[in-house]
Amino acid sequence: MPSPQDEREPSDAASGGGTGSRGPSPEIGTPAGFASLARDLFELQGVMPTLRAVVTRALDVVPCQWAAAAMTDHLTKHPAPLAAMTDSSLMQRVASISAEAGDSPGIEAFNTGAVTACPDLASPELPERWATYARELLRRTDIRSVLSLPLLRQGKTVGVMTVYADTADAFGAAATGRARVLAEHAAIVIEAARADDRAEHLEVALVRSRIIGAAMGVLIERLRIGPDEAFALLRQLSQNSNRKLADIAAELVETGTVPGLDARGRGCAGDAVT
């Protein structure tokens, strides 16, 4: 009969991708180290690059062998769209196990807003609610200890970061303290990155809205049609050409015409609103 170890799939760490037994970065526990960490994270642009930097830094900061982080308003059985991990294959297995078990340190940390630790997955004193989760992690991965931290902003949980190790009791008081600091920094910089992304998307949307409005003005003046007909015409031209409506509008504003407009003229507008 194959042993539990035989059912485990290799992770990146097994081929040199993990941190092994290395200790924390020498300066991370100092004010200079924390300042450097914050500066490095704030200099990044965008949510996903920031998330990836957070989990990568966790390997040295905590330290740990694997790390994952997600920003989300609520957890589901499906992976969060805004998530990063240091070993995607392993973390997909972990996420699948967590969803099947219905509970995990990560789920508990997210729901309670409290740091949640599982020092030894093989411990007989493990809470019963984690029995399935622990059994499957031990059977299907090399993970032995887990530490999950909520990402909090203004008292609200906006995500969760979890670090993993292949030895029991890997996250003592000092390691947990460093993980807390990283999680606090992560919550701030990731939320800032999300705000920047939203602002950028809003700016792009406003620019596109202005362009579409200008294109509608061209059609209204040229074809003597109303605003609703002008927008419907742009939409039909977009559908017929399989191009984005904003691109059609931009071309019309820049060149005065688009393929299909002059040939169909006012009849196209009539078709578009029937």
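**Close-up views of a predicted model**

**View 1. The largest nonpolar core of this predicted model has 29 residues.** Welcome to the model; let us begin with its core. Leu-151, Met-161, Val-163, Phe-171 and Ile-190 are the residues with the most contacts inside this core. Two or more residues come from each of helix H2 (47–61), strand S1 (66–71), S4, S5 and helix H6 (173–223). H6 gives the most, with eight residues. In soluble globular proteins, nonpolar side chains tend to be buried together.

**View 2. Here we meet the contacts of Ile-190.** Leaving aside residues up to four places away in sequence, Ile-190 touches Val-47, Thr-50, Leu-51, Val-54 and Met-71.

**View 3. Five strands form an open sheet with antiparallel pairing.** Follow the strands across in the order S2-S1-S5-S4-S3. At the edges are strand S2 (82–85) and S3, each pairing on one side only. On average, neighbouring strands of this sheet are turned by 10° against each other, direction ignored.

**View 4. S3 and S4 run antiparallel and are joined by three bridges.** Look for Ala-117, which stands opposite Leu-147 in S4. Strands of a sheet pair through backbone hydrogen bonds, either parallel or antiparallel.

**View 5. Helix H4 (residues 105–112) lies across S3, S4 and S5.** H4 runs at about 155° to S5. Its buried residues are Pro-105, Gly-106, Glu-108, Ala-109 and Phe-110. These buried residues of H4 pack against strand S3 (116–118), helix H5 (131–140), strand S4 (145–153) and strand S5 (156–165). After H4 comes Gly-113, whose phi is positive, near 75°.

Conventions: Residues numbered from 1 in each chain as written. Predicted model: local features only at pLDDT ≥ 70, side-chain atom pairs only at ≥ 80, totals over all residues. Heavy atoms only, no water. Buried < 20%, exposed > 50% of the residue type's maximum accessible area, 1.4 Å probe, protein only. Helix = DSSP H or I, 4+ residues; strand = E, 2+ residues; numbered from the N terminus. Contact = heavy atoms within 4.5 Å. Pairing = 2+ DSSP bridges. Axes fitted to C-alpha atoms, helices over the stretch in contact; angles between N-to-C directions. Core = buried A, V, L, I, M, F, W, Y, C linked by side-chain atoms within 4.5 Å.
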